[in-house]
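Please read the sequence and the structure below before going on to the report.

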Amino acid sequence: MGAERQRAEEFAGRLAEAYGDALVSVTLYGSAARGEYREGSSDLNLLVLLRGAEARTLRRGARVAREWAAAGERPPLVLPEAEWLDSADVFPIEYSDMRDAHVVLHGSDPFDGIRIEWRDLRLQCEHEIKAKQIRLRERYLLSADQPEELGALLLASASTFLTLFRSGLRLAGAEVPRDGGEVVSAIAERAGFDPAGFREVLRARSADGDFAPAGDGPVVMGYLDAVERTAGWLDQLHPTE
């Protein structure tokens, strides 16, 4: 067990003590659940479901949550169970990504009985990738001649686009790899782009070193092309059934 998993389990235990019967479950998701956690740059993502989320209930875990955040950890995502069960149509990307990589630390599996509709996932995915593409263009315009700023932009946006790439694979009825580089290769095969540029950004993110690509170089051009072609592919995607 990695140190991050141990921290998460200890936090889940403290929440169980604080909330008692009001706690439904604590679930680890994200990079730590996928086996891609990197100390110092990844977050420990936790979903906490309560039987109710009224102020008086939430307060019971305030001290534990405050100490967790003070230690540099990301505050948990806290929802009442009824709201969680009723929101898969609103957050299908987040639900599907969490469902595919999660570890229950306490209580029941929050995804038991959860159904994610293809149309809901397609609508959110298309909206999100086009919105993020617009934002990427805006930031590129400001950073195109500043390699260090441009490198920071690509590194910061990569995880968001990886999440959308995984959603695209789910929409296509394809298996979703856990490794980010394999996700890029799989979506590249379907959307029709060269994965080399995006994969180079992922390598730079893992290396934690200087990353200052040229604004008109193959890495940046390949990254932008990957986003553009994936957005276009999603726009033409139809149900596999």
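The report below covers the overall fold and then some of the aromatic pairs.

This is a predicted model, in which local features need pLDDT of at least 70, side-chain atom pairs count only at pLDDT 80 or more, and totals for chains, interfaces and linings use all residues. Residues are numbered from 1 along each chain as its sequence is written, and side-chain values use heavy atoms, without hydrogens and water.

The protein chain has 11 helices and 4 strands (DSSP runs: H or I of at least four residues for helices, E of at least two for strands). Of its 241 residues, 45% count as buried, where buried means under 20% relative accessible area with a 1.4 Å probe.

The structure holds 8 aromatic pairs. Rings of Phe, Tyr and Trp (its six-membered ring) pair if their centres lie within 6.5 Å; planes under 30 degrees apart count as stacked, over 60 as edge-to-face and the rest as tilted. Two of the pairs are listed here.

| Pair | Centre to centre | Angle between planes | Class |
|---|---|---|---|
| Phe165 and Phe193 | 6.3 Å | 40° | tilted |
| Phe198 and Tyr223 | 4.5 Å | 10° | stacked |

Phe165 lies in helix α8 (residues 147-171) and Phe193 in the loop between α9 (180-191) and α10 (196-207), so this pair ties together parts 28 residues apart in sequence. Phe165 is buried at 0% relative accessible area, and Phe193 is buried at 7%.

Phe198 in helix α10 and Tyr223 in helix α11 (residues 218-235) are 25 residues apart, and their pair links distant parts of the chain. Both Phe198 and Tyr223 are buried. Ring pairs join Phe161, Phe165, Phe193, Phe198 and Tyr223 into a cluster.

Conventions: Buried < 20%, exposed > 50% of the residue type's maximum accessible area, 1.4 Å probe, protein only.
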